[in-house]
Amino acid sequence: FDFMKKLFMILVFFVFQMICSDIYGKEVPTTKSYYVIDGFCCGGEDSDPHAVFGIEASDGYILLGKSLDINSKEDGFAVKIRKNLPNEKLFLHPEEENTYDWSIVTGEKGKRDGFNAAAILDNHIFIAGYKETKKNIIDRYLIKVDLRNGDIVWSQSFPSSMNGRSSAFESVVVTNKNGLLLTGVTNSSYDAMEGFKSYGNPTDGNAFSMHFSNNLLASKTSPEEPSWEKEYKNLLTGKSIKRIGNTNEFLIASSTNEPMVAKVLKIKEDGTTLWKKRYPQHGELTDIAVTTDGYFLSGHKESFKGGIDGSITKISPNGLVIWNKVFGNPEGGTNNFFSDYIVSNELIFDECWSIVNMNNSGVVVACGTGIEECDTLRGQKRRDCEKDPRQTWRSYLVNINFDGDIIWEKTGSFVFPGEEDSEDLASVAAEWVFINSKDQIASVNDLEFGIGLEIIELDK
């Protein structure tokens, strides 16, 4: 009888575990490989590369963003990591056993340049960003690069329509006719171009859409003008543009002018506005994902308790709010360093920059999590804050289903093999996320000493 009772209890336990797993989500997925690169790729040891975007090519991955020149002004950089590297944690460098394929850096000393997004067409990558062409004037900047070797085929600046005003590309997407549709900010004052993505926001100007046909892009010489351009008044900048399935319609994630309120614009392929909606409860809007179950906005907002929480808003195909959820303050980490928290969660910043549709079974959001403002505190609270391990930032990925339930959360730090218990960890934040051709999560990470690409294996 005792044996049967024990067997029954064991069966109940396993059934309960299976039910809980189904209700509360899957196990946290594991990191398959993690490739990191220091400033050598992108301007030198002190160039402090900051990756904000990544994309998959047939034989590798390209990460891009901005680094710093010797005058501490931005340069644009891109670096290609090949796919046939070992599935390990690797430091890629020309003097190591494994290195990156190629890298490019653009910019003039003392002037501001940077890359924000890219798209791949016909064995070339088109990288979009900005370039300071004259003193105190920044123009939108597009370059065509050979994917095989990193050679720049052509580059071209596209100024604002108003003389003396500044502009930049922030996002680009391929159209159904293999053209490119780009968005960003135009007709801004120079001083208002604080930065982009996780290193700032423009505070002046208008959003726009700009189209290039495939014929213009395929040419060996740069196009002097786009196919067309449309400017959207009362929208501050286009932070992200996504194509809706196989249609000729697109969504632009944007905001109003200050005080900034999240705003989404739906357009046709010719730039004509179909609708635009405001989302005052969302917070800062950073990216948008298109799924068969609606559209999902990523970002973050101030918590009423203090600190910043991640924010996701689900909207219908007509732009109506279905729900808004906040999340953050994750527990745990890659080792015991993060086991003992000292201060309350009201000091934690959970900043979310990218979101991707996970094969129509939910979305994954890429964030950074950590403490940022100990120096604003006084007395014992400041001393405790300075001892809290969460001053070291971690990458933070969150998988959420279409109903807004968290399936899993994954925080991470980069540690070399054999140093898993080290307390000397570099701060890390996830800046961009996409799903690769093997249905793995690819997280583009900003590290204290450089950039990283983390490939995460999902449970089948």
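Modeller: Let's begin with a charge and a ring: lysine 66 lies over the face of tyrosine 199, 4.9 Å from the ring centre. To count as sitting over a ring, NZ of Lys or CZ of Arg must be within 6 Å of the ring centre and within 35 degrees of the ring normal. Arginine 112 also has its charged end over a ring, that of tyrosine 190, at 5.8 Å from the centre.

Please keep in mind that this is a predicted model, where local features need pLDDT of at least 70 and side-chain atom pairs count only at pLDDT 80 or more, while totals for chains, interfaces and linings use all residues. Residues are numbered from 1 along each chain as its sequence is written, and side-chain values use heavy atoms, with hydrogens and water left out.

Rings of Phe, Tyr and Trp (its six-membered ring) pair if their centres lie within 6.5 Å; planes under 30 degrees apart are stacked, over 60 edge-to-face, and the rest tilted. Tyrosine 34 and phenylalanine 414 make an edge-to-face pair, 4.9 Å centre to centre with 75° between the planes. This pair links distant parts of the chain, 380 residues apart: tyrosine 34 is in strand 1 (residues 30-38), and phenylalanine 414 is in the loop between strand 26 (406-412) and strand 27. Strands (E, at least two residues) and helices (H or I, at least four) are DSSP runs, numbered from the N terminus. Tyrosine 34 and phenylalanine 414 are both buried; buried means under 20% relative accessible area, exposed over 50%, and partly exposed in between (1.4 Å probe, protein chains only).

Tyrosine 61 and phenylalanine 434 have ring centres 6.1 Å apart and planes at 45°, so theirs is a tilted pair. Here too distant parts of the chain are linked, with tyrosine 61 in strand 3 (residues 60-68) and phenylalanine 434 in strand 27, 373 residues apart. Tyrosine 61 and phenylalanine 434 are both buried. Elsewhere, Phe158, Phe169, Phe208 and Phe212 form one aromatic cluster.

Next come the empty spaces. Rolling a probe the size of a water molecule over the atoms shows where empty space is left. On a 1 Å grid over the protein atoms alone, a cavity is a set of points where a 1.4 Å probe fits but cannot get out; a pocket is an open set with protein on both sides within 12 Å along at least five of seven lines, and lining residues have an atom within 4 Å of a point. Grid points are joined across faces, edges and corners, and a volume is the space filled by probe spheres set on the points.

The largest pocket holds about 870 Å³ of space. Its lining has 32 residues, and Val173, Lys242, Arg243, Val356 and Phe434 lie nearest the centre. Elements that give two or more residues to this lining include strand 2 (50-56), strand 11 (166-174), strand 23 (348-357) and strand 27 (428-435). The largest share, five residues, comes from strand 11. By class, this lining has 19 nonpolar, seven polar and six charged residues. Ala, Val, Leu, Ile, Met, Phe, Trp, Tyr, Cys and Pro count as nonpolar, Asp, Glu, Lys and Arg as charged, and the others, Gly among them, as polar.

The second largest pocket has about 350 Å³ of space. It is lined by 14 residues, with Trp393, Ser427, Ala429, Glu431 and Asp446 closest to its centre. Strand 23, strand 27 and strand 28 (441-447) each give two or more residues to this lining, and strand 27 gives the most, three.

About 130 Å³ lies in the largest cavity. Among its 15 lining residues, Phe196, Lys197, Ser198, Thr286 and Trp353 are closest to the centre. Strand 19 and strand 27 are the elements that give two or more residues to the cavity lining, which has five nonpolar, five polar and five charged residues.

Let's finish with strand 19. Seven of its eight residues are buried, so strand 19 is largely enclosed by the rest of the structure. Strand 19 pairs with strand 20 (residues 294-302) in the antiparallel sense over seven bridges; two strands pair if DSSP finds at least two bridges between them. The two strands form a hairpin with two residues between them, and leucine 285 stands opposite glycine 299 in strand 20.
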